[in-house]
Amino acid sequence: MSAHDQLVLCLCELTRLLWKLLLPLVILCVLLVAVLVLLVLAVRLWLQSSRNARRAREGRPTVAFFHPYCNAGGGGERVLWCAIRALQNR
């Protein structure tokens, strides 16, 4: 058997070994990702249900502000805080 044939045989054996290791690892990664996605969805649903229950108990609406660029120095901060103060005084 020549050196070339031995090298080809060795590479074939190495390829088979890597394939035998790679396939279970791919399956394991897919399962772990699926479990992680299900866990994140379960936590999200739990947080939404607890938030909805809290809102139902309180019986008052929640107000949120989204004011982009309020820290740009153009007076946006003052407008934002005036709006918040007006809601608090109401």
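**Where is the place of Ala83, and in which helix?** Ala83 sits in helix α2, which covers residues 76-89; helices (H or I, at least four residues) and strands (E, at least two) are DSSP runs, numbered from the N terminus. This is a predicted model, in which local features need pLDDT of at least 70 and side-chain atom pairs count only at pLDDT 80 or more, while totals for chains, interfaces and linings use all residues. Residues are numbered from 1 along each chain as its sequence is written, and side-chain values use heavy atoms, with hydrogens and water left out.

**View 1. The whole protein chain, with its helices and its surface.** The secondary structure of the protein chain comes to 2 helices and 0 strands. Of its 90 residues, 4% count as buried, where buried means under 20% relative accessible area, exposed means over 50%, and partly exposed lies in between (1.4 Å probe, protein chains only). The protein chain exposes about 8,500 Å², and carbon and sulfur atoms supply 69% of that area; accessible areas come from the Shrake-Rupley method with a 1.4 Å probe, and for residues only the protein chains shown count as cover.

View 2. When residues up to four places away in sequence are not counted, Phe65 touches Leu80, Ala83, Ile84 and Leu87, contact meaning heavy atoms within 4.5 Å. Ala83, which is itself partly exposed with a relative accessible area of 30%, is 18 residues from Phe65 in sequence, yet their C-alpha atoms are 9.2 Å apart in space. For Phe65 and Ile84, which are 19 residues apart along the chain, the separation between C-alpha atoms is 8.5 Å.

**View 3. The salt bridge between Glu13 and Arg16.** A search of the whole structure finds 1 salt bridge, a term that stands for a side-chain nitrogen of Lys or Arg within 4 Å of a carboxyl oxygen of Asp or Glu. Glu13 forms this kind of pair with Arg16, and the closest N and O atoms are 3.0 Å apart. Because Glu13 and Arg16 are 3 residues apart in helix α1, they are separated by about one helical turn. Glu13 is partly exposed at 44% relative accessible area, and Arg16 is also partly exposed, at 47%. Side chains of opposite charge can pair when their charged atoms come close.

**View 4. The nonpolar surface patch and the annotated region.** Trp19, Leu22, Leu23, Val26, Ile27, Val30 and Leu31 make a nonpolar surface patch of about 690 Å². Patches are made of residues with over 30% relative accessible area and no salt bridge, with like charges joined within 9 Å and nonpolar side chains (Val, Leu, Ile, Met, Phe, Trp, Tyr) within 5 Å. Ile27 is found in helix α1, residues 3-58, and is partly exposed, with a relative accessible area of 47%. The UniProt annotation "transmembrane region", from an unreviewed entry, covers residues 21-47. Over residues 21-47 the chain is 100% helix and 0% strand, with the end C-alpha atoms 39 Å apart.

Technical notes:
UniProt positions renumbered as here; feature names shortened; annotations may be inferred.
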